[in-house]
Each structure stands twice: as structure tokens, then as C-alpha cells.
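Colleague: I have a fold here that I'd like to go through with you. Could you walk me through the terms as we go?

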Amino acid sequence: MELAEIISIIKEKGLTGYKIAEDTGLTQVGIDKILNGSSKKPHLKTLKILENYIKNNSENYVNESSEKYNVNSKTDIQILKIRLDSAENRIKLLENHNQFLMDVVLKKLNELPVKEIGELHEDMTRKKLIEELKDRKK
């Protein structure tokens, strides 16, 4: 299904970016960009998700915000696999980013003289205590 046809059907059915995002797990911003034409070439997997969504409409589509999953076809299963792969890739990316940040912090800490590390630790402890006292006042 072509992008123009997908947009036309979505508008014809009166579906909103918010509703589609809620039902599919795509971002509302991304959907809105597709619908208003500022995203000219969305990813193929996004188009497949939208195509499947409008074919099944919101009642039969996998809804991430509920515990109920209706898988009605091989296309649904393929879309779920794509979304799972995407989620796994995001997790790996975040893990790598986290490791990179930890390495940077450790490198910077190793460059500090011992005296400064002690002062830094005292500073952090003071700030934590102040935050806890503020939280208790609330």
C-alpha cells in the first residue's frame, strides 16, 4: 500500500495520530509528521505497521497499553517480530551508551587526585542529605 493511500484511509476513517500511537506503539509525533506531509519517506516497517493497523482498524490491533493481544494473521506476527527486534536494538544501544558513560566517568575519576575524590564524595553526600531533608519536609 502506498503512503498516499495510507494517509487517505487514516483521514477518511477519522483516526488521529494520538489514537494510532496509543494502539500501535509508534510515536504520535512521527505519525503526525506522516499525516501532515512533513515526513516524505517513513521507514518501511512504519508503513507496514500503519497498513496493518488500518486494515484491522483499532479494535483488532495489538494494543500495548492493555494486557490483551489479538494476533489475527501472519502479518500481525511479522509486525510484532519487527517491533521486538526494534525494542531489542534500542535496549542494546542504551546499554552501550550506559557503558560508554560509565567508562568516561571512571576515566575522569582516575584522573582526579585522591584529595579531590574525597572532596567530591563529601560534596555528593552533602547534596544527597540536603535532598533527603527537603523531601521529608514535603
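Modeller: Gladly! Leu 3, Ile 6, Ile 9, Ile 10 and Lys 13 of helix 1 touch Leu 47, Leu 50, Glu 51 and Ile 54 of helix 4, contact meaning heavy atoms within 4.5 Å. Those residues divide into seven nonpolar, no polar and two charged. This is a predicted model, where local features need pLDDT of at least 70, side-chain atom pairs count only at pLDDT 80 or more, and totals for chains, interfaces and linings use all residues. Residues are numbered from 1 along each chain as its sequence is written, and side-chain values use heavy atoms, with hydrogens and water left out.

Colleague: What makes helix 1 oblique to helix 4?

Modeller: The axes of helix 1 (residues 3-13) and helix 4 (residues 44-56) come within 10 Å and cross at roughly 40°. That makes the pair oblique, because angles under 35 degrees count as roughly parallel, over 145 as roughly antiparallel, 65 to 115 as roughly perpendicular, and the rest as oblique.

Colleague: Why is Thr 24 called buried?

Modeller: Its relative accessibility is 0%, so Thr 24 counts as buried; the cut-off is under 20% relative accessible area, with a 1.4 Å probe and protein chains only. Thr 24 sits in helix 2 (residues 17-24), and its side chain reaches the backbone nitrogen of Leu 26 at 3.2 Å.

Colleague: How many of the 138 residues count as buried, as a percentage?

Modeller: Of the 138 residues, 22% do. The protein has six helices and zero strands, helices being DSSP runs (H or I) of at least four residues and strands (E) of at least two.

Methods: Axes fitted to C-alpha atoms, helices over the stretch in contact; angles between N-to-C directions. Nonpolar A, V, L, I, M, F, W, Y, C, P; charged D, E, K, R; others polar. Buried < 20%, exposed > 50% of the residue type's maximum accessible area, 1.4 Å probe, protein only. Polar contact = N/O pair within 3.5 Å; in protein donor to acceptor, adjacent residues only side chain to side chain.
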